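Biologist: Could you bring the model up, so that we can go through it together?
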Amino acid sequence: MCGIAGIFETKHRGQFDLRKVCTKMGDAISHRGPDAGEVWLDDVSGLALAHRRLSIIDLSAAGGQPMMSSCERYILCYNGEVYNASPLRKELEAQGIKFKGRSDTEVILESCAVFGLKETVSQLVGMFAFALWDRQKKTLSLVRDRLGIKPLYWSFMEDGTFIFGSELKALKAHPNCSSEVDRNSVSTFLRHNYIPSPHSIYRGVKKLSPGRILTIDINRQCPEIVSYWSMDAVYEHGRVNQFSGSDDEALGLLEDTLSIAVQGRMISDVPLGAFLSGGIDSSTVVALMQKMSDRPVRSFSIGFNEKGYNEAQHAKEIARHLGTDHTELYVTSTEAQAVIPALPTYFDEPFADSSQIPTYLVSAMTKKYVTVALSGDGGDELFAGYTRYAQAAKFDRLMSNVPGVLKKAASIWGASVPPAVWDFICKGIPSSRRPQNAGDKVRRIAKMLDSDSDSFYRKLISHWHHPDEIVLGAREHKGLVWDETLQQRVPNFLDRMQFLDLLTYLPDDILTKVDRASMAVGLEARVPILDHRVVELAWRLPQHMKIRHGNSKWLLKQLLYKYVPKEIVDRPKMGFGVPIGSWLRGPLKEWAEYLLSEDTFRKHGLLEAASVRRLWGEHKSGKENWQYQLWDVLMLHAWAEHNSSNLS
């Protein structure tokens, strides 16, 4: 895993010392690659590429970057891991290519030289974000992997300067990079708790969307962006070629496909382990790792003493059954809260998924023992694991024939009942089936009863339902979740929710969180469930193999049951979070009071203060639980405080 950055001056050259500025851009992301850093320069073309290296495969100098192809036409600056490098290498050797080292970097580069960029990218299995410079055509191409596991930001400035980098801090190191806040992005952030691609917090700075190739040369007025892999095509192929075999045949196919994905991600020249939360996804990954390993796999988990937020005991039980070499760390609330001031540094733009805290903590602990860790991310999106899928699918069935007047009345009544009352009512549900924060969730759903299915989904995923009313001078970016053509393209509601999450929530929240938290400590996180072959298989599976009799992730659970007893696995979905709500009333109260003060609102001028401060008052009193909405504002203001000297 590494960090990349670069500059391409397509028009006016000589404004800055290219090497000096590009070195500064690379140094800004040195945490992503602490082992080495190099800059490659083409002064005549106005191009500079910076690379920071975290050595994983071929630790020798032969794996160093930026790297030139043997024909000397192409230069590659690459972040990621490609797991099918070995068969690709053999194919290239048959074409007469002589390799200098064992790195996957060299395989990608030589493949681009022999077969071309698009053909190469279509063959790669892995996670990657890279820049390829064609010295002959004077074109620069940026590529991001299919699911968006690795990040890539870019900006094409008015003076014709194009810059890019793995993180925003690399771009911000360029003297001319925009520091103007995009207020529309702030509004979008308040809805989602992240800023969806292709937008960023700054005007004129974009994220390259997953599965895309961006190309720019001196003759283009703007970059050309094309898709080389799309969820639309995957969905359509799955619909036309839906799996029609038995449950046992589906289970065998899933095990074979996922085992291949896991095995490929166990290749490493440095120590390797896995995150083990005790949930279905990470437990399945670790079980398959242990099956294929001749020694105990290193597994890692963290625990909290707060009731309802600790999965460590479940992880420990699963580790004991599988026979892994397990390490766990119990974190105090003081230690967890100590991470909060550094979050704006790690994430560069407002980001408010509070599980960023435990994700950083488990990454920091894991890095003490290994350099690579496998993660279970992606299982919820592919196999319908989120509670909202079952909720929304049931809502769609139950409410489709209910008159609008009755739905509205039920919504008003349900929303008027305080969460504490709903908590009391929900005590009648067995604890094994009762969701965490049941009262908040029931009341939230009640507020949505007068919605149609798509607006119901939007409300489920929204923190602030009308963010333009809170953000001064903003009009929210209406992205994919507002696309009215989706009902025709993906007619089934459950499919549509998974489709949307795979294109929005997964890359821009989940994978962003894992990338920034792990790379902040120089740890490479690999996600085998998001191997594109597993993704394509999951979209061929009929719905009853994902949710059966109300049981989510049904087929994935059947696979785990082969390795771990059912009684160890079956329990309510917990999530990977921290008790932000109670912390804000307790140890974080003083910190929050400052960031939610009238002075702070005036200082940054981003939000209308009265509405937020009303919620803060209700939260402090215990009348309501506004933890998610308040955490959004706190992370926004914490980011603004951190960047206040650079904002315009």
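Biologist: What is the strand order in the open sheet of 6 strands, and is the pairing parallel or antiparallel?
Modeller: The order is 2-3-1-9-8-10 with antiparallel pairing, where strands are DSSP runs of E with at least two residues, helices are runs of H or I with at least four, both numbered from the N terminus, and two strands pair if DSSP finds at least two bridges between them. This is a predicted model, in which local features need pLDDT of at least 70, side-chain atom pairs count only at pLDDT 80 or more, and totals for chains, interfaces and linings use all residues. Residues are numbered from 1 along each chain as its sequence is written, and side-chain values use heavy atoms, leaving out hydrogens and water.
Biologist: Which strands stand at the edges?
Modeller: Strand 2 (36-42) and strand 10 (206-207) do, and each has a single partner strand, so one side of each is left without a neighbour in the sheet.
Biologist: And what packs on the sheet?
Modeller: Helix 1 (residues 18-27) does, touching strands 1, 2, 3 and 9 (161-165), with contact meaning heavy atoms within 4.5 Å.
Biologist: How many bridges join strand 1 and strand 3?
Modeller: Strand 1 (residues 2-9) and strand 3 (residues 47-53) pair over 7 bridges in the antiparallel sense, and Ile-4 has His-51 of strand 3 as its bridge partner.
Biologist: Changing topic, how much of the protein chain is buried?
Modeller: Of its 648 residues, 60% count as buried, that is, under 20% relative accessible area with a 1.4 Å probe, protein chains only.

Definitions and conventions. Axes fitted to C-alpha atoms, helices over the stretch in contact; angles between N-to-C directions. Buried < 20%, exposed > 50% of the residue type's maximum accessible area, 1.4 Å probe, protein only.
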